[in-house]
Amino acid sequence: MKKAIQYLLKGLAILLPIIVTIALAQWLLVTIETWLRPIWIVLLSEDYYFPGLAFISFILLAALIGFSTRWGFMNSLWALPGKLMDKMPLLNSLYGTVNDVFEMMSGKNFAEESVVMVTMPGGELKLIGIVTKKSGISGDKLSEALDDDNVAVFLPMSYNVGGYMVMVPRSCIEPLDMSPADALQLTISGGLGKKKIRERE
């Protein structure tokens with residue numbers, strides 16, 4: 001009986017991530033198809049429309065928008081909807097949360113060479129973190145609150161979108177040879193990721 005349960009759990013561990021990934025991909029495809037299909041039918045008529053055209057056009061549109069952000073004017077133009085949502089009482093919290101999650105997961109707001117191993121003061125506990133602020137930045141409230149020898153470090157939580165910000169002395173951190181995005185993937189997966197950790201000389 002014990003062996004059977006172990007085999008069942010192992011099978012679920014293999015199948016569930018695949019099923020969840022496929023379900024999320026299917027939801028995304030169906031949502032995009034539902035939104036864009038009527039537009040293409042109006043433009044091309046039902047005779048020329050084929051399943052998947054909406055998704056292909058969405059991918060091409062996303063690539064075109066990303067390419068157009070090379071120019072300052074277009075970058076400001078695409079940022080306008082987000083700025084408007086930021087000012088709306090109900091949408092600002094939802095939009096801000098979703099935007100922050102995507103930017104955090106991509107490591108966008110973290111500088112390169114900011115991944116560190118943090119040894120908590122007074123102990124031997126070590127955590128992987130990302131330096132978010134250093135002292136001496138004029139006009140930045142957090143930076144101005146830091147002592148000259150302190151840094152603010154974000155400590156991601158495993159299997160959770162979140163973490164803690166701690167302020168520690170520079171003597172408690174050791175730089176790691178890893179990008180912020182890779183560090184987030186590694187820590188959020190609870191160390192089960194395959195990213196290599198190397199200390200910088």
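Because the model is predicted, local features need pLDDT of at least 70 and side-chain atom pairs count only at pLDDT 80 or more, whereas totals for chains, interfaces and linings use all residues. Residues are numbered from 1 along each chain as its sequence is written, and side-chain values use heavy atoms, with hydrogens and water left out.

The protein chain has six helices and five strands, where helices (H or I, at least four residues) and strands (E, at least two) are DSSP runs numbered from the N terminus. Read from the N terminus, the order of these elements is α-α-α-α-β-β-α-β-β-β-α. Of the 201 residues in the protein chain, 25% are buried; buried here means under 20% relative accessible area, exposed means over 50%, and partly exposed lies in between, with a 1.4 Å probe and protein chains only. The chain exposes about 14700 Å², of which carbon and sulfur atoms supply 67%, the areas coming from the Shrake-Rupley method with a 1.4 Å probe and, for residues, with only the protein chains shown counting as cover. Among contacts (heavy atoms within 4.5 Å) between residues at least 6 apart in sequence, 39% join residues at least 24 apart.

Helix α2 comprises 16 residues, residues 53-68, and should span 22 Å at 1.5 Å a residue, which agrees with the 22 Å between its end C-alpha atoms; the expected span is 1.5 Å times one less than the number of residues. The buried residues of α2 are L53, A54, S57 and S68. These residues cover an arc of only 90° around the axis, which puts them on the same side of α2, the arc being that of the directions from the helix axis to the C-beta atoms. The cover over the buried residues of α2 includes α1 (2-44) and α3 (72-86). Within α2, S57 is counted as buried because its relative accessible area is 15%, and, residues up to four places away in sequence not being counted, S57 touches L36 and W40.

On the surface, M1, I5, L8, L9, L12, I14, L15, L16, I18, I19 and I22 form a nonpolar patch with about 1100 Å² of accessible area together. Such patches are made of residues with over 30% relative accessible area and no salt bridge, like charges being joined within 9 Å and nonpolar side chains (Val, Leu, Ile, Met, Phe, Trp, Tyr) within 5 Å. One member of the patch, L9, lies in helix α1 and counts as exposed because its relative accessibility is 52%.

The structure holds one salt bridge, defined as a side-chain nitrogen of Lys or Arg within 4 Å of a carboxyl oxygen of Asp or Glu. This salt bridge is formed by E174 with K126, whose closest N and O atoms are 3.7 Å apart. The pair links distant parts of the chain, with E174 in strand β5 (residues 173-175) and K126 in strand β2 (residues 126-134), 48 residues apart. E174 counts as partly exposed at 25% relative accessibility, as does K126 at 45%.

In helix α5 (residues 141-145), L142 is partly exposed, with a relative accessible area of 25%. When neighbours within four places in sequence are left aside, L142 is in contact with K133, A152, M165 and M167. L142 and A152 are ten residues apart in sequence, and their C-alpha atoms are 8.3 Å apart in space.
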